[in-house]
Every structure is written in structure tokens, then in C-alpha cells.
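Me: I have a model open and would like to learn how to read it, feature by feature. Could you walk me through it?

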Amino acid sequence: MMIRSQIKNIRCQNRFFFLTIFLSTLAPKARPPKSLIYFLVAGFSLLSALTVLAESPSEYGKKAQILRSQKEYEAAYKLCDECIANFSKEADLIAAKLKDFPSDYEVDDYKVMNVVAFCYFTKAETMRDQAESLSAEENLERKQELKDEAVRILWDNIKKFPYAKHYDEHGWYYKIAHISRKLIGEILNEPWEPPHEVYEEKKVMLYDNGSEFPVDYKKYGEFKGLGTKDYAYKINDPIGLAKAVGEGIYPNTTSVKFNPEYIKVKKYLFKIDHWKIIHQRDLSTAFYKWIQAPESPGVRLFNIAQILEQSDHTEHAIKAYYAILVHYPRSYGWTYWHTPWYIGKVAKYRLENIIKNNPHLGLAFEDADIEVINGYDNDIRNDQFIVNPGKLYKLKAKNIPSKINNTIARNKGEIKQVRGEEKIKLIQFQSGDWQLQVEGKPMILKALTYAPSRVGESPHNGTLANWSLQDTNNNGLIDAPYESWVDKNKNNSQDSDEKTAGDLQLMKEMGVNAIRLYHQPVELNKEILRQMHQKYGIYILLGDFLGKYTLGSDAEWESGTDYDNELHKQNMLKSLEKMVNEHKDEPYVLMWLIGNENVYGLGCNADKKPESFFKFANEAALHIKSLDPQKRPVAIVSGDILFLDIFAKNCPDVDVFGLNSYRGNYGFLDVWDEVKRVADKPALITEYGVPAYSQGFTFEEAENYQAEYHKASWLNIMDNSCGFGAGNAIGGVVFEWMDEWWKAYNPSHHDREGLFAGPFQDGYMHEEWLGLCGQGDGSKSPFLRQLRKSYFTYKGLWND
Amino acid sequence: MRKILFLNTLICSLAVCLGAVVVLAPNCQAAEDFYIYADKNSPGNHFIPSGWMGDVNDMKFNDQETKEKAGGTTSIKITYTAKKSQNQGWAGIYWQSSQNNWGSKDSGFDLSDFNKLVFMAKGEKDGEVLTTVKVGGITTNGTTGEPVEFPDTLNVEIGPIRLTSDWKEYSINLVDKDLTNVNGGLAIIFNADHTGVEQTVYLDEIRFVNDPDLQKEASGVSLPFYVYADSGSLDNHFIPSGWMPASAARDLKLDTNWKNYPFSGDTCMRLEYKNNSGTRWAGIFWQQPANNWGTIPGAGYDLQGASKLTFWARGDKGDEVIQEFKIGGISSGEYIDSDSSSIGPISLTKEWKQYEIDLRGKDLSYIIGGFAWATNIDVNDPEGIVFYIDEIKYEK
């Protein structure tokens with residue numbers, strides 16, 4: 001797809017207390033210039049580029065990149081050279097002073113150096129492009145000259161500016177030396193990656209477990225305003241409470257100093273970055289560091305709780321999570337998209353999860369509730385918290401369950417309402433539960449996103465083929481759906497016992513009943529979709545981007561789709577018409593999808609005008625229904641629950657609230673309850689997933705983690721399906737079937753780069769490793785499949 | 001290599017040589033003192049006043065003043081203009097064991113035979129303030145924060161000292177301190193908030209002595225112990241030097257001498273926060289000494305016995321949100337706060353209101369971050385906020 005990956009992260013960035021705060025990981029990390037794809041569609045003119053200049057050094061690199069993408073090589077060189085000529089002296093002086101990367105807060109002081117280094121990089125990248133554009137026969141010498149010069153510039157860049165960074169529009173940066181090194185590897189056809197390290201794991205050794213478990217907070221203070229906006233817990237006996245909670249848990253800041261392990265390392269702690277240490281598996285050091293981390297108390301406590309949990313100090317972790325609810329229920333962080341991340345709510349759901357999964361502890365946790373009024377927008381100033389931290393207490397022996405309770409479905413009662421008219425309906429019962437029914441039978445969507453991208457192909461350079469038509473061996477069979485095979489012994493070769501199976505067969509065996517596809521930007525091969533449905537029982541969740549990335553609206557990239565612009569709206573309605581008219585008579589369509597995280601912006605202004613967007617989305621849903629004789633359900637594909645309240649108010653005709661959600665290995669936390677409370681619609685996770693690679697962990701550990709993450713996610717969906725929990729989950733769409741190698745940098749190389757922070761095993765999103773299947777060493781792409789543990793996890797769960 | 005000092009008893013020797021008096025002079029003990037400054041060009045002088053710091057253009061230095069002297073023929077005259085010419089708000093001079101030695105040269109003295117620094121001082125008028133007088137403390141590189149190669153083995157300071165127009169003797173108790181490597185023999189530091197206006201001070205007869213009767217200084221402080229009472233008050237402790245993050249200078253304004261509607265006394269502190277840098281958060285630590293993020297040994301106050309820190313605050317408009325008020329918690333070095341405690345977030349009222357940080361059960365034996373606040377723009381008016389703080393003190 002000619003778009004940025006749909007994956008979003010949850011970089012909980014709370015610029016709140018003494019340092020930047022990220023909940024799940026956090027410090028910005030180098031990433032390759034994937035976002036330069038934006039420039040490809042920016043439509044920037046050469047004339048305007050050449051008139052920019054000197055007024056703003058930072059414009060040079062940006063404009064040069066645009067020119068590079070437009071193959072205006074000479075103009076790009078000119079801009080880069082001009083920047084270098086104007087600013088390299090100053091840049092050299094700055095670079096000479098540095099012994100390490102400056103902090104993000106000092107970025108302005110180092111801007112000139114960063115700009116110059118980026119221009120050198122851009123110049124080399126342009127040379128690489130120009131070399132590739134020349135035909136080998138006629139220009140062999142010139143081609144080689146360009147490559148040699150590019151490599152020379154890049155090595156020079158690495159040497160001169162080892163601490164330069166380039167920031168993208170979201171504030172993320174690439175280490176320029178790092179991407180320079182990668183580009184050298186690409187030019188020399190010797191792909192380069194930093195070494196894969198496996199860190200030694202060291203767990204926390206507690207010195208003071210505290211005198212009570214669970215802690216009876218009433219003994220040490222007073223709860224005021226329970227279940228109101230004025231909730232507070234006033235400590236009357238801080239010494240007693242500190243003794244009861246034990247080491248590292250608020251308000252106990254003292255016990256740790258007597259911990260022999262802490263005494264050993266305390267002199268060195270100041271040298272450690274608390275955000276870096278948190279994912280380096282030295283949980284012991286991370287714990288001591290975080291006890292004194294210069295962050296807000298809620299964030300500090302949350303990370304302490306996580307570390308304790310990972311160290312198998314389950315009881316102490318429970319205390320820490322509960323302490324957040326008691327003392328800091330209003331804490332928050334920020335996601336990458338600058339949406340609030342409410343720590344108190346997360347702590348509550350984690351607590352519930354831990355208690356459920358550890359029945360031997362004999363705990364009950366009741367009545368906890370944190371409602372954030374006005375919590376669906378980006379503005380935390382208007383938030384109001386209604387807080388009840390709940391009661392956490394020990395059950396009497398006779399009431400302690402012997403194992404995890406598998407609750408029995410509640411009585412749903414009569415049908416209350418039906419959405420949809422023909423074969424596919426959404427039913428709501430008197431109990432409030434929602435159910436998807438196909439021809440009268442309940443169906444849980446066991447779906448995945450399917451994009452079998454061939455290794456070496458990339459939308460960045462226009463080489464990514466349409467998989468639904470791709471037949472590389474010209475045998476009349478479409479490659480991926482019909483001719484893939486499982487490399488069981490992982491030797492990257494098709495052995496005699498590794499018969500051709502095809503993805504469709506593999507997915508069927510796995511239990512997949514639907515895949516998510518978009519009709520843009522390339523047309524889908526309907527015949528494949530028909531066979532998919534007829535032979536393998538797989539439905540299609542078919543989508544239109546509704547102006548995201550400007551797709552469908554024909555808007556200019558820089559201004560993006562405007563949901564108040566009549567022309568854009570007309571164009572988008574036409575795009576929808578095309579989709580529906582093309583596929584409405586096909587039985588494979590189960591549901592229509594509209595949008596893809598439009599609420600985060602990026603090629604559209606839904607982030608700035610959410611009300612306009614959702615009003616138009618409703619218009620789009622009505623339009624689809626007017627065209628579809630079967631009146632199949634319409635689901636929005638939103639970005640988590642951002643602007644959920646505005647959706648609820650403006651989208652009565654959208655049947656399903658779909659959301660892409662990456663919330664970590666606990667499932668989806670408050671998603672179900674919030675959708676029920678605010679919108680009372682069926683909920684579908686339209687994307688979720690986790691990489692099968694983690695820096696610092698073995699490949700096996702990472703693959704196991706991926707499987708566990710998926711299992712927890714799926715069980716969370718089932719726990720909230722019709723008759724259970726919130727009762728509104730109708731399924732989930734796994735992201736994704738197989739690894740796509742074009743996502744990071746070099747489409748011929750399986751990049752291990754952590755592209756941005758997220759709630760994953762090592763704290764980063766390794767976007768080329770999201771598949772349930774790998775592509776081995778890439779030599780047998782698009783046919784080879786190495787099935788990961790998560791494939792078999794789903795096979796067990798979905799065929800149960 | 002440490003210089004082991006065997007001071008000549010110069011006066012006694014001279015007396016013997018001259019044969020004028022055959023008995024020992026009664027102040028023979030004093031003759032063994034290790035001088036930093038006796039008189040201009042005195043052969044017994046040690047250390048060089050080469051370490052100028054802070055607003056260096058605010059100081060005029062004359063080490064051969066002849067009109068005023070406590071002994072001998074000359075004294076040191078320092079005029080501090082308090083103009084904040086380098087925007088630091090403070091200025092000072094280190095007497096270093098060798099010229100400009102900030103810890104890179106092995107030229108320090110082993111002064112283990114001494115247990116007290118003594119000096120004479122006076123002001124030109126009356127009421128001049130030496131904010132800090134210290135021995136040692138050159139331990140980290142002021143730019144990089146990295147430990148220096150040859151650090152001082154002690155860091156002991158007194159102050160602020162309000163001088164009189166008469167010469168008086170002042171001393172720093174060094175009993176039980178490690179004087180095996182003393183590179184920063186003396187530092188005199190002025191703070192513009194303490195002095196307020198230009199002032200001239202005189203120093204003389206600065207020397208290390210051995211006082212056999214001197215006892216180790218009792219630890220702890222007397223309560224209430226003020227962080228801020230009034231602008232220029234000698235009761236003030238800790239310096240509001242820890243501006244966070246690095247970009248805070250663009251976002252914060254601090255006026256410690258705000259006279260309009262203080263809670264008590266003549267002044268309060270006015271703080272203005274705007275998100276000019278785009279960093280979205282900011283805060284200030286009151287540190288001991290200035291800019292100490294935990295790298296300076298022996299710098300913290302022992303505040304044991306305090307059960308709370310109280311302060312008064314108000315917002316300019318009301319509803320300004322301060323995410324956290326805090327004591328302690330500085331943890332960026334080897335010599336960090338012994339504990340921490342905090343309250344917040346707090347939504348300020350337009351009228352003065354007292355707040356309290358509970359310190360019961362906390363280890364207050366070593367506090368270098370006496371007070372701190374921090375907030376962010378996300379919880380406040382995007383245009384920024386103004387708020388006021390007064391009467392910050394540790395109490396029983």
C-alpha cells in the first residue's frame with residue numbers, strides 16, 4: 001500500500017514532571033526515514049523549493065528530500081550544497097563539543113549541526129537514487145562514481161557528525177550516523193544491522209515486603225468523596241502506611257536504602273537513564289532507579305509496579321497498582337499521537353487481570369471505577385475524574401476459588417434491537433449484549449489483515465506489486481494465496497515434506513473466518529476474493545480510507561482531506577460508491593469499513609475537526625447502505641477510543657465501533673466498558689498485534705512473547721463478547737498475517753530496527769516483525785512461510 | 001602527589017636568629033598556621049584566587065588594599081556590584097592550589113594537620129553579605145558534570161554571613177573532615193538576592209589553624225528552618241538554581257523580590273511559566289549549594305527533626321495547576337538527597353493558602369533539594385501562568 005503503515009504505537013509521553021515521561025518505554029529512538037514517504041506525495045514544486053532557503057536552515061533538508069523524490073537530482077544537490085556551504089563551519093564547531101547525543105530539550109542548540117548532517121545524508125541518498133536511475137549498460141562508470149561518492153559522503157558524515165539527529169514531523173528522530181551506516185550497507189549490497197544482543201535478566205530482590213497484604217488503607221488514613229469528583233485519600237499515619245506497603249511503594253521512600261542490593265549499586269545509579277534501563281532486563285537496577293526517578297509519582301509508581309510484576313513479586317505489584325488507585329488515580333501519560341493515557345484506569349484493569357489470573361492469592365477487588373469525564377479528546381484541562389479506588393481485600397478461605405473462574409454466560413433475554421436487514425445482522429439483547437449473526441448464527445470475527453508483500457518490493461519506490469494479481473512464476477496461480485508453503489525445518493528451502501499449501505489453506509486451518517482489505521489504492525482481484533469465500537469460508541471486511549492519507553478525497557497532501565470541503569466529500573462519496581457498486585453483489589463482503597485511524601490526522605484533518613469527520617462518516621454509512629441491497633453493517637475504523645464521545649453523538653448510522661488498538665499484553669483494558677458506556681455499539685478491534693522480535697531477548701523469547709500477547713488479547717475479546725464482561729466485543733483483526741520487509745528501510749533486508757516506542761516486550765515496535773508468519777531469509781519470497789508460535793496459538797484458540 | 005606541609009615557625013625562627021629575645025614568642029602556635037592570605041606577596045601565602053565564577057564581571061578584586069587591614073600591611077578588597085551581568089545572579093572566587101585548577105592538576109595540599117579555617121572580615125558600611133564561604137568542593141566539571149581527576153576531599157561551607165563595619169573573626173569548623181587533598185582552599189560567593197545592591201567587603205588573615213579544643217560541629221539545624229522568608233533574608237537556605245529542563249530559561253521567570261501583596265514580610269516570590277520552548281513542562285529545584293544535582297560531597301543539610309515543610313502559595317488568576325511540590329529527590333549524582341516527599345497536583349487559589357508536605361517517617365539526614373515545584377502546560381492555560389510562593393520553611 002502506498003501509505004504509511006497502519007501501525008500506531010502507544011508512546012506514553014507525559015511531559016509532566018522533571019523529565020519526559022513515557023509510560024511504556026520511552027525515550028525517542030532512532031528510526032529510519034520511512035516517513036520520507038510523505039514527501040513522495042507532497043506535490044511540492046521545484047520553483048517553490050528554490051525560493052525557500054536561507055531563511056530557515058531546517059527547510060533545506062526537507063526541500064531537498066522532496067526534490068530527490070521528484071527525481072530533480074541536480075536541484076537537490078544544489079540545495080544540499082548550499083546548506084553545507086552556509087552552515088558547515090558552525091556545524092563543525094558544534095559537533096566538536098559533543099561527546100554524546102544531546103538531550104531532546106537542547107535540540108534547538110544543535111539544529112544547525114543536525115541540518116547539515118541531514119543534508120549530507122540527503123545528498124548521498126540522492127546519489128544512490130540517481131545511480132539506480134541510470135541503466136547499467138550505458139552508464140556503468142557514472143553509476144559506480146555516484147555510488148562511490150555517496151559512500152564516501154556517508155562515511156564522512158558518520159565521522160564528522162556522530163551525534164546528529166533528524167527529527168520527523170511527530171518529533172521522533174533518526175540518528176543520522178545510524179541511517180547513514182544503513183544506507184552504506186544498502187549501496188554496497190551488504191545490509192547492515194546493529195548486533196542482536198541478548199541481555200541477562202536480573203529480577204528484583206525485595207528487602208522490605210511491607211507488613212501487610214493487602215494493605216488496609218482505612219487504618220492509616222481517610223477516604224473522602226468516594227465515587228465523586230472530589231475523591232481524595234488523606235494519610236493520617238504516614239509512618240504506619242510506609243511500613244505496611246513496604247519498599248518502593250508510596251509513601252515508602254526509605255526502605256530501599258537498607259536493601260543490600262541497592263547499596264551495591266546506588267553509587268552508579270546516577271549514570272543510568274531510567275527510561276533506557278526499563279527494557280534492558282536488569283529489573284533489579286531498574287527498580288532502584290525508578291524508586292528515585294525524577295518523574296511524577298503516578299508514572300513512577302506505575303513503572304515500579306510493572307517491574308515488580310515482571311520480577312514475579314505479584315503481591316508487591318498488586319500493592320503498587322492499588323497504591324496508584326488510592327493516591328494517584330488522576331495520573332496520565334501521553335501516546336505518540338498526543339492522546340492522554342490514563343494511568344489510574346490502566347492500573348485498575350491490570351489489577352483485575354492479575355487478581356483473576358492468581359486465584360491462589362484469595363483476593364477480591366470490588367467497586368473500583370475511574371470515569372474520566374471529557375476524557376476522549378486531547379485536552380486534559382477539561383478532564384474531571386470520578387474516582388472510587390475500590391476495595392481490595394482477602395477472601396475468607398471458603399470463598400477462595402481453586403482455579404481461574406470461567407464465568408458462565410449471563411442470560412441475555414429477548415432481542416432488543418437489530419441492525420442490518422438481510423443475512424448479516426447485529427443483534428442487541430435485553431441484557432445489553434451485542435452479537436454478530438450471519439444467516440441467523442452467532443459469529444465471532446476471527447480475522448486478520450492480509451498483505452503478503454514480496455521481499456524486495458516497496459511502496460516507497462513504487463515496486464510493491466498487487467498481491468491479488470501477483471503470479472511471479474507465471475503458472476496461472478496467484479502466488480501467496482495458493483502457492484505458499486511452510487518451511488517447517490526453517491532451512492529456507494522447500495523440502496519434500498513441505499508441500500505447497502497456499503495462504504488460504506493455512507488460514508483456514510488456523511481458524512480465520514475473515515480478512516480486512518481496502519479497495520484502495522489498488523484494485524482487488526475479485527476472483528481471488530470469491531474463491532477465498534467459497535472454498536475457504538473466509539469473508540472480507542472491505543474498507544475505504546475515507547480520506548485518510550488523502551485517499552479518496554483527491555486533496556493535496558499538505559492540506560489533507562478536509563471534512564468540511566464539499567469537493568473532497570463528493571470525491572469520497574464517489575470512492576465509496578465505487579467500492580460498494582463493485583462488490584455489493586459479492587457474498588464475500590461481510591462488513592463495510594470506513595476510515596483507518598483518521599482521528600490521528602495524517603493526510604486528513606479529522607484530528608482537528610473530529611465532529612466534521614464523524615458527521616461525514618455517518619453520511620458515508622448512510623450512503624453505503626443506500627447502495628447496498630443487503631444493508632450489511634458498516635464499521636468505522638478509528639484510532640483507539642479517541643473522540644469516542646463525538647463518534648457516539650454523530651454516528652447513529654454507523655453500526656460498529658471499530659478501533660485499531662495497541663495497548664500491551666493485557667488486552668484492551670477499558671475499551672469495552674467505554675464503548676458500552678458512551679456509544680453502546682458493538683465493538684471490533686480492527687487491528688492489534690505485536691512484533692516477534694525484541695532487542696535484548698532471544699528470538700525464541702520474542703516469539704513466545706508474541707504468542708502470549710496475542711493469546712491475552714484474544715481472551716480479552718472473548719471475555720467481553722456477548723454474554724460476558726461488557727458484552728459488546730464481536731471479534732478482532734490480527735495485524736498481520738506475515739512480515740512485510742518494506743516497512744523500515746531496505747525492502748530486501750529484514751530490518752530489526754525499533755521504529756518507535758510501544759507497549760511491547762522491549763518497548764519498541766519492530767514493524768517488520770508483526771507477522772504470524774515469517775519469510776525466512778527472504779530468498780523464497782513470496783512463497784515461504786515460517787509459522788510462528790502465535791499461529792499455532794490461534795489455531796488452538798480459534799478452532800476450540 | 002600531595003604536598004605534606006611542615007611550616008616553618010617563621011616568627012620564632014627569626015626571633016632566635018636575631019637574638020633579640022631568647023624566649024619563644026607567646027603566639028608561637030599561630031606561627032604554624034597555614035596561610036592563604038597574610039599580606040600581599042607574603043611568602044607564607046598559599047592558593048591563588050584564580051577561580052572566578054558566575055557573574056564574573058560583577059566583581060572587582062584588589063589584594064593589596066592598604067587603607068583597611070586586620071593585620072600586617074594589606075587586605076583583600078572585593079566589590080560586588082550585583083548587576084547580574086552574566087545573568088547568573090551570583091558570583092564568586094575560588095582560591096585554588098594552582099592557577100585555574102578545577103581538579104585537573106594534582107597540586108592540592110594535604111592539610112590534615114589543621115581543623116579550622118579562620119579569617120577576618122568586615123564590610124565597608126554595615127550589613128554586607130557573604131552568601132557562602134567554603135573550603136573544598138571542586139569535585140565535578142562545571143560544564144560536563146563529570147567527576148574531576150583530582151577532587152577536593154571535603155566540601156564544607158558556612159553562610160550567609162552578614163558583616164559589620166568592624167573587623168571580626170570568622171571560622172569554618174573542619175574537625176573530622178578529610179583534608180588530604182585541598183585544591184579549593186577558600187571560596188567566597190555572593191548572591192545578588194542576598195546583597196541586593198553593590199557592596200564592598202574586606203578579607204584578611206585567612207589561614208588554616210589547628211585548634212586542639214575544637215569539637216566536631218553538631219549536626220542538624222534549628223527549626224523552623226527557612227527556605228524562603230523574604231528576599232535577602234539571611235534565614236533563607238537553598239538556592240533556586242535547579243531550573244528544569246535545560247530549556248527552562250526560556251520558559252520561566254523568577255523574581256525573589258516581589259513586593260506586591262506578599263503573604264508576610266516585605267516580599268514573596270513571583271514565578272511566571274510560559275511554554276516558549278515547546279518543552280511543555282518546567283520546574284525549579286532549590287539546591288544546596290547552587291546547581292548541586294548530587295555531585296558534591298558533604299553539601300546537604302541535616303533536617304532531622306522536621307515533621308513538615310509548609311509554604312504559602314497563590315495563583316495570579318486562580319486555578320493554576322502545579323503538578324508537584326516536593327522536597328528532596330535529587331538523584332543525579334553520588335551524593336543525593338537522603339529521601340523525598342511531595343504533594344500535588346495542586347490547583348492554586350487566587351488568595352494565599354498554606355500547603356504542607358508531610359515529612360514524618362522520612363530520612364532528612366541529607367537534603368540538598370530543599371524545595372521544588374514543577375508543572376506542565378497541558379494542565380494549564382496554554383498562554384502560561386503566574387503564581388506566587390512565600391514563607392517556605394521546615395517545621396517541627
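Me: Let's begin with chain B: how many helices and strands does the secondary structure of chain B come to?

Reply: Helices (H or I, at least four residues) and strands (E, at least two) are DSSP runs, numbered from the N terminus. On that basis chain B has four helices and 28 strands. One caution about what you are looking at: this is a predicted model, in which local features need pLDDT of at least 70, side-chain atom pairs count only at pLDDT 80 or more, and totals for chains, interfaces and linings use all residues. Residues are numbered from 1 along each chain as its sequence is written, and chains are lettered from A, ligands numbered from 1, in the order in which they are written.

Me: What share of the residues in chain B is buried?

Reply: A residue is buried if 20 or more other C-beta atoms lie within 10 Å of its own, exposed if 12 or fewer, and partly exposed in between, with C-beta atoms placed from the backbone. By this count, 50% of the 396 residues in chain B are buried. Of the contacts in chain B between residues at least 6 apart in sequence, 78% join residues at least 24 apart.

Me: Into which domains is chain B divided?

Reply: Domain bounds come from an automatic or database domain assignment. Here it gives domain 1 (34–209) and domain 2 (225–395) of chain B, whose C-alpha centres lie 28 Å apart. Between them, 15 residues of domain 1 of chain B are in contact with 12 residues of domain 2 of chain B. On the domain 1 side, β11 and α3 (192–195) of chain B each supply at least two residues, and β11(B) gives the most, with three residues. For residue classes, Ala, Val, Leu, Ile, Met, Phe, Trp, Tyr, Cys and Pro count as nonpolar, Asp, Glu, Lys and Arg as charged, and the others, Gly among them, as polar.

Me: In which order do the strands of the open sheet in chain B run?

Reply: Two strands pair if DSSP finds at least two bridges between them. The open sheet has five strands in the order β3-β6-β14-β10-β11 (chain B), with antiparallel pairing. Its edge strands, β3 (48–54) and β11 (155–158) of chain B, each pair on one side only. β3(B) and β6 (residues 90–96) of chain B share five bridges, and B:W52 stands opposite B:I93 in β6(B).

Me: Which strands make up the closed barrel of chain A?

Reply: Eight strands run β17-β19-β20-β21-β22-β23-β24-β25 (chain A), and their pairing is parallel. For angles, axes are lines fitted to C-alpha atoms, for helices over the stretch in contact, and values run from 0 to 180 degrees between N-to-C directions. As one pair, β20 (residues 539–544) and β21 (residues 589–594) of chain A are joined by five bridges, with A:I540 opposite A:V589 in β21(A). Helix α21 (residues 671–678) of chain A lies across β23 (656–660), β24 (683–688) and β25 (729–734) of chain A, at about 140 degrees to β24(A).

Me: Where is A:K631 placed?

Reply: A:K631 is in the loop between α19 (610–627) and β22 (634–639) of chain A. With 18 other C-beta atoms within 10 Å, A:K631 is partly exposed. Leaving aside neighbours within four places in sequence, A:K631 is in contact with A:G420, A:E421, A:E422 and A:K625.

Me: Finally, how many residues does the contact take from chain B and from chain A?

Reply: The contact takes 28 residues from chain B and 22 residues from chain A. The chain B side divides into six nonpolar, 13 polar and nine charged residues.

Key
Two residues are in contact if their C-beta atoms, placed from the backbone, lie within 7 Å.
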